[in-house]
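Please look over the protein chain shown here.

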Amino acid sequence: MSVSSPPWVVPLDPASATPVYVQVAHGLAARIENGTLKGGMALPAERDLAEALGVSRVTVRQALALLAQQGLLTRRHGSGTFVNRPAPSLASRPLGLLTGFSEDVRSRGQTPGARVLSFERGRPTPQEAMTLALSPRDGVYRLRRLRTADGEPLAVEESTLPAALIGPLGAADVTDASLYALLAARGLSPVRAVRHLRAVNADGQLVGWLGVPPGAALLATERVSWTATGKPVEHARAYYRGDRYDFVMELHGEEPA
């Protein structure tokens with residue numbers, strides 16, 4: 001008779017470019033979000049968790065610290081590490097984990113959606129040419145999509161992609177589909193990104209698309225992503241509902257001299 005693995009044992013891919021501690025954090029976060037690891041549950045000690053996962057204690061410590069920063073775990077000195085139940089009405093997207101909207105939504109047990117608001121092929125703007133390492137004569141795809149979770153509007157995402165690198169692409173390819181999954185299928189998974197975050201107020205078409213009143217608080221991001229070979233693959237902007245999204249950032253201090 002087979003014995004099922006404990007709920008904190010998550011699959012890891014040693015061949016992945018994603019750091020192991022991020023894989024551990026992502027796997028545990030998904031188990032917390034879908035209720036496999038329930039609120040109030042105590043996790044094993046770092047040594048036992050490291051042994052169960054086949055990783056070092058340093059890796060486990062980094063993963064747990066990241067999850068604590070995200071508010072998914074509480075670490076009590078002398079007592080252990082405990083699972084917090086995340087609020088279902090607020091989607092928490094960790095800045096330190098490079099994941100797509102669809103993966104984030106599915107990890108919470110919801111169904112992601114993507115309605116194409118506009119799609120075109122054209123020439124890059126000067127900024128796009130610079131960030132995507134293109135010449136002014138190169139082609140780019142520009143797409144704007146309304147992203148939803150269980151049908152509820154959560155974000156408007158705008159992406160510019162280098163056409164020669166991406167290959168053939170149409171609006172149907174990115175309707176109710178994960179852009180990151182499409183890139184992965186073409187061997188172009190983003191493994192590194194630089195993201196800028198700022199607060200803005202909803203106006204113009206964003207009000208109607210997101211179903212928020214004029215002046216409502218939005219979180220705006222701008223991101224450039226690169227593949228494992230160092231090629232820029234996406235220049236993206238996004239506008240998230242401030243009442244449905246927050247972002248969590250992991251920070252590290254310098255080692256003492």
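How many bridges join strand 2 to strand 3? Four bridges join strand 2 (residues 73-76) to strand 3, and the two run antiparallel. The model is predicted: local features need pLDDT of at least 70, side-chain atom pairs count only at pLDDT 80 or more, and totals for chains, interfaces and linings use all residues. Residues are numbered from 1 along each chain as its sequence is written, and side-chain values use heavy atoms, with hydrogens and water left out.

**Confidence**
- The protein chain averages a pLDDT (the predictor's confidence in each residue, from 0 to 100) of 83, and 86% of the residues score at least 70.
- Over residues 87-92 the pLDDT is below 50.
- Where pLDDT is low, the predicted coordinates should not be read in detail.

**Strand pairing**
- Strands (E, at least two residues) are DSSP runs numbered from the N terminus, and two of them pair if DSSP finds at least two bridges between them.
- Strand 2 and strand 3 form a hairpin with three residues between them, and G78 in the turn has a positive phi of about 85 degrees.
- Strand 1 (residues 42-43) pairs with strand 3 (residues 80-83) in the antiparallel sense over two bridges.
- F82 in strand 3 stands opposite A42 and is the bridge partner of T74.

**Around N201**
- N201 lies in strand 8 (residues 192-201).
- Not counting residues up to four places away in sequence, N201 touches G215, A216, A217 and L218 (heavy atoms within 4.5 Å).
- A polar atom of the N201 side chain lies 3.0 Å from the backbone oxygen of G215.

How values were computed:
Polar contact = N/O pair within 3.5 Å; in protein donor to acceptor, adjacent residues only side chain to side chain.
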